[in-house]
Amino acid sequence: MANQVEDRPNFRLAITDPCYFIGRRALLEEMEQKPFGVHILLGGRRIGKTSTLNAFQWSLLDPNFNKVNRAFPVLINLQVEQPKDLENLRYILIARLRESINRWQRVPMASLREMYRSFLRQIAGGEVAVSFLQQLNIKFNIVNPDNERRLIHDDFRQAFLQTINELNQQKFSGACFLLDGAEFITRQDWANDAWSYFRGLKDTETSIKPFLGLLLSGYRELKEYQQAVGSQLLNIADVKWLSPLTNLEMKDMIDCREKKENIPLNKQVFSAVQEWSGCHPY
């Protein structure tokens, strides 16, 4: 019992253990079929957006993934990263891509659950040195220290394409950036530039668009920004609303928690939990 309590996730945070993620199978399969598309995931607070991004990430990393086009996932929390401008955002995209690849290369082949736990444990604190650009043979002039965390488009393009060649050797067709908390960008005065830039990568940048996927998550600010401004990115995006779980999925979640935490519920309490929660996962 002590071990079960110790291993129990903090359910106030996003699910990071695959065995505790229940439902959303149809949504995940749809995104898995088009990992190099543009997806926008909208949903209310604590409905499971970040957990769904985590689930999409570990499904793509699963060694048993059997789809033809397999994207290497890069999960980025924009509320944590807080890019200062578009050039800084480009730097963060490449830096986190390189970080994730390095972690993946150190993860031994194991079960999905253990593989993902090991992957998460290798997340290092601190900043990524600008040396990752030197490793990719990208040369640029540093005018001031701030430029160390900024990339112009040509440097981003070169770094991305060289990394794709590396990913091909590991049986990935390209990369998919999972941008959690995309509302952060909508609050910036460079938001229109960012959406237009992403649209350009998926529309006119022919050397990049077949190998680049985008999945943005958010809620009200992201939705209202798209409606008010007419984001160019929205025109090519597949927009999905994350709804509460179905009754069957809710039942599966309660069954899972009962077994893993050794807390049996009688039928009356079981029904009450379903009714009171309204099948909301949190």
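Angles between axes under 35 degrees count as roughly parallel, over 145 as roughly antiparallel, 65 to 115 as roughly perpendicular, and the rest as oblique. The axes themselves are lines fitted to C-alpha atoms, for helices over the stretch in contact, and the angles run from 0 to 180 degrees between N-to-C directions. The structure described here is a predicted model, in which local features need pLDDT of at least 70 and side-chain atom pairs count only at pLDDT 80 or more, while totals for chains, interfaces and linings use all residues. Residues are numbered from 1 along each chain as its sequence is written, and side-chain values use heavy atoms, with hydrogens and water left out.

The secondary structure of the protein comprises 13 helices and five strands, where helices (H or I, at least four residues) and strands (E, at least two) are DSSP runs numbered from the N terminus. Of the 282 residues, 47% count as buried; buried means under 20% relative accessible area, exposed means over 50%, and partly exposed lies in between, as computed with a 1.4 Å probe on protein chains only. Contact means heavy atoms within 4.5 Å, and among contacts between residues at least 6 apart in sequence, 77% join residues at least 24 apart.

The five strands form an open sheet in the order S2-S3-S4-S1-S5, with parallel pairing; two strands are taken to pair if DSSP finds at least two bridges between them. Strand S2 (71–77) and strand S5 (238–241) stand at the edges with a single partner strand each, so one side of each is left without a neighbour in the sheet. From one strand to the next, the twist averages 15°. In general, strands of a sheet pair through backbone hydrogen bonds, either parallel or antiparallel.

The pairings can be followed across the sheet. S2 and S3 run parallel and are joined by seven bridges, with Ala71 standing opposite Gly174 in S3. Strand S3 (residues 174–180) is in turn joined by five bridges to strand S4 (residues 212–218), again in parallel, and here Ala175 stands opposite Leu212 while Cys176 stands opposite Gly213. Five bridges also join S1 to S4, which run parallel, and in this pairing His39 stands opposite Leu215 in S4.

Strands S3 and S4 were also examined for burial. Seven of the seven residues of S3 are buried, so this strand is largely enclosed by the rest of the structure. Both of its faces are covered, with Gly174, Cys176, Leu178 and Asp180 on one side and Ala175, Phe177 and Leu179 on the other. S4 is likewise mostly covered, since seven of its seven residues are buried; Leu212, Leu214, Leu216 and Gly218 point one way from this strand, whereas Gly213, Leu215 and Ser217 point the other way.

Helix H2 (residues 25–33) lies across strand S1 (38–42), S4 and S5, running at about 165° to S5. H5 packs on the sheet and touches S2 and S3, its direction making about 120° with that of S2.

Two packed helices are described by the angle between their axes and the distance between the axes. For helix H5 (residues 86–106) and helix H8 (residues 153–168), the angle is about 20° and the axes are 10 Å apart; H5 and H8 are therefore roughly parallel to each other. In their contact, Arg90, Leu93, Ile94, Leu97, Arg98, Ile101 and Gln105 in H5 meet His153, Phe156, Ala159, Phe160, Thr163, Glu166 and Leu167 in H8. These residues divide into eight nonpolar, three polar and three charged, where Ala, Val, Leu, Ile, Met, Phe, Trp, Tyr, Cys and Pro count as nonpolar, Asp, Glu, Lys and Arg as charged, and the others, Gly among them, as polar.

Among individual residues, Ala194 is found in helix H10 (residues 191–203) and is buried, with a relative accessible area of 0%. Not counting residues up to four places away in sequence, Ala194 touches Leu86 and Ile185. Ala194 and Leu86 are 108 residues apart in sequence, yet 6.0 Å apart in space, C-alpha to C-alpha.

Most residues other than glycine have a negative phi, and most peptide bonds are trans. Arg24, in the loop between helix H1 (2–7) and H2, has a positive phi of about 65° although it is not a glycine, and Arg24 is buried, with a relative accessible area of 10%. Asn262, which lies in the loop between helix H12 (247–261) and helix H13 (267–277), also has a positive phi, near 55°, but Asn262 is partly exposed, with a relative accessible area of 48%.
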